[in-house]
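Here is a short briefing for a reader new to this structure. Please look at the sequence and the model first.

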Amino acid sequence: MTVITRFPPSPTGMMHIGNARTALFNYLYARNKGGKFVLRIEDTDRARHSEEAVEAILASLDWLGLDYDNTPESQFANKQRHINVANEMLAAGNAYKCYCTAEELQAMRDNMKEEGRIVAYNNMWRDRTDYPEGQPYVVRIKTPLDGCTVVHDEVQGDVKVENKQLDDMIILRSDGTPTYMLAVVVDDHDMGITHVIRGDDHLNNTFRQNVIYDLLGWDKPSYAHLPLIHGPSGGKLSKRHGSVSVEEFKNEGYLPETVNNYLLKLGWAHGDDEIISMDEAVQLFDFNGINKSAAKFDYAKLENLNAHYIGVADNQRLVDLVVPFLKQQHDIELNDVTSKRLLDGMDGVKDRAKTLVQLADESLLYVKDKIEYTEKARKQLNQDSLIILKSLEDKFNLLDQFNHDTIEVACRALADEAADGKLGKVMMPLRAALTGTDKSPSLFQVAEVLGKDEVLNRLKAAIEFIEK
């Protein structure tokens, strides 16, 4: 048997991070088993359908690197197939026409509530044949009236429900359109889905969908229902906690490998491993590692994980990734000179950033045309430091080779000559002059990356600032 899993998002908005985890687990299981991972857009809700949302879903999957093995299917495009199956069930006596009015249904619900019974359709049209002509009707399936249904779930174990709790659900609405419960079963069957991996909020749907499978005589897929993702406080993850969509995390400067790694660990474990690459995840993933309890989203852990992946990322890739953040946050566009500076200095700045947003801020010392001094830097640029900066200007001018070692020798020599051997008295005003801040990567390395001409220009600007 070839394993086939599916990801069936509804295109009504951005991809929620919970949906992204569902897609990831389906992808990993299929790849682990050498099977296929397919995409189906469940777009039957035409009132809320959005082509922009479809594009956002595709873009999010592409960004995460979750490549699917089919041309994405449209559930809406399969509408006639769903209708045909409903009519086949009707003809076979496995479904029936229900002519209940909205008023009758409401009265039915009210009576059941008053009597303390489970609110469900009472099957009043199940065995009738006196259909009124010209009246609207829905089509309902005939759910077993007695016994119980057991679902073997790869995560939850065996779950049992009394059949009397499952009402005769609607599979065709009064306007002739199929319901989701029918459409998803028909599509999963037609696409050859072998494993349905989804959130455990769909577990109740599974019992009802299995009734359709049984009535049609179709093989049922295996099920794995994942625990939900909760917010830090334990409730449903929502906007009040922070970002909740893949697009938002991308725009906030998280790397796709970070998001994949974090989502993998959010409900699945392999020993104490925290850093797991996608290749490793494909090799290791199985249902045994999935937790049964809900996972809490921890934004601080995500940020720390992102810092790790930024730290080990290829420097040229980081330069390319930081470009839009520099433009958006600081209205800076890189040129050949600043691109090379940033690439050469990336090792020093990437270890100081937890997101690409922070990396853009840390990169300013290499890419800004004019350095702006923070308040702490201004305190270092005073009359006491003027002679230090002028002396550095003289010493740097005399250097034939301008690199980490020669810069360090010059600075230490000046500390011995004019600062009682205290290197800090040289480095603090130099750091303020070159970076505009009181903190930076290794200053000797910064100066080497900037180059002799740029260092002299920044020293000159700082001297002029003090002398004003």
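At what angle do helix H1 (residues 17-32) and helix H8 (residues 256-265) pack? The angle is about 85 degrees, and their axes are 10 Å apart. This is a predicted model: local features need pLDDT of at least 70, side-chain atom pairs count only at pLDDT 80 or more, and totals for chains, interfaces and linings use all residues. Residues are numbered from 1 along each chain as its sequence is written, and side-chain values use heavy atoms, with hydrogens and water left out.

**Helices H1 and H8**

- H1 and H8 are therefore roughly perpendicular to each other (angles of 65 to 115 degrees; under 35 is roughly parallel, over 145 roughly antiparallel, the rest oblique).
- Axes are lines fitted to C-alpha atoms, for helices over the stretch in contact, and angles run from 0 to 180 degrees between N-to-C directions.
- Ile17, Ala20, Arg21, Leu24, Phe25 and Leu28 in H1 touch Val259, Asn260, Leu263 and Leu264 in H8 (contact means heavy atoms within 4.5 Å).
- The residues of this contact divide into eight nonpolar, one polar and one charged (Ala, Val, Leu, Ile, Met, Phe, Trp, Tyr, Cys and Pro count as nonpolar, Asp, Glu, Lys and Arg as charged, the others, Gly among them, as polar).

**Helices H17 and H19**

- Helix H17 (residues 424-435) and helix H19 (residues 452-467) cross at roughly 105 degrees, and their axes come within 8 Å.
- That makes H17 roughly perpendicular to H19.
- H17 brings Leu430, Ala433 and Leu434 to the contact, and H19 brings Val455, Arg458, Leu459 and Ala462.
- Six of these residues are nonpolar, none is polar and one is charged.

**The sheet E4-E5-E8**

- Three strands form an open sheet in the order E4-E5-E8, with antiparallel pairing (two strands pair if DSSP finds at least two bridges between them).
- Strand E4 (95-98) and strand E8 (170-172) are the edge strands, and each pairs on one side only.
- Helices (H or I, at least four residues) and strands (E, at least two) are DSSP runs, numbered from the N terminus.
- Strand E5 (residues 138-141) pairs with E8 over two bridges.
- Arg140 stands opposite Ile170 in E8.
- Helix H3 (residues 79-91) packs on the sheet and touches E4, E5 and E8.

**Strands E9 and E10**

- Strand E9 (residues 195-199) and E10 pair in the parallel sense over five bridges.
- Ile197 has Ala224 in E10 as its bridge partner.
- Four of the five residues of strand E10 (residues 222-226) are buried, so E10 is largely enclosed by the rest of the structure (buried means under 20% relative accessible area, exposed over 50%, partly exposed in between, with a 1.4 Å probe and protein chains only).
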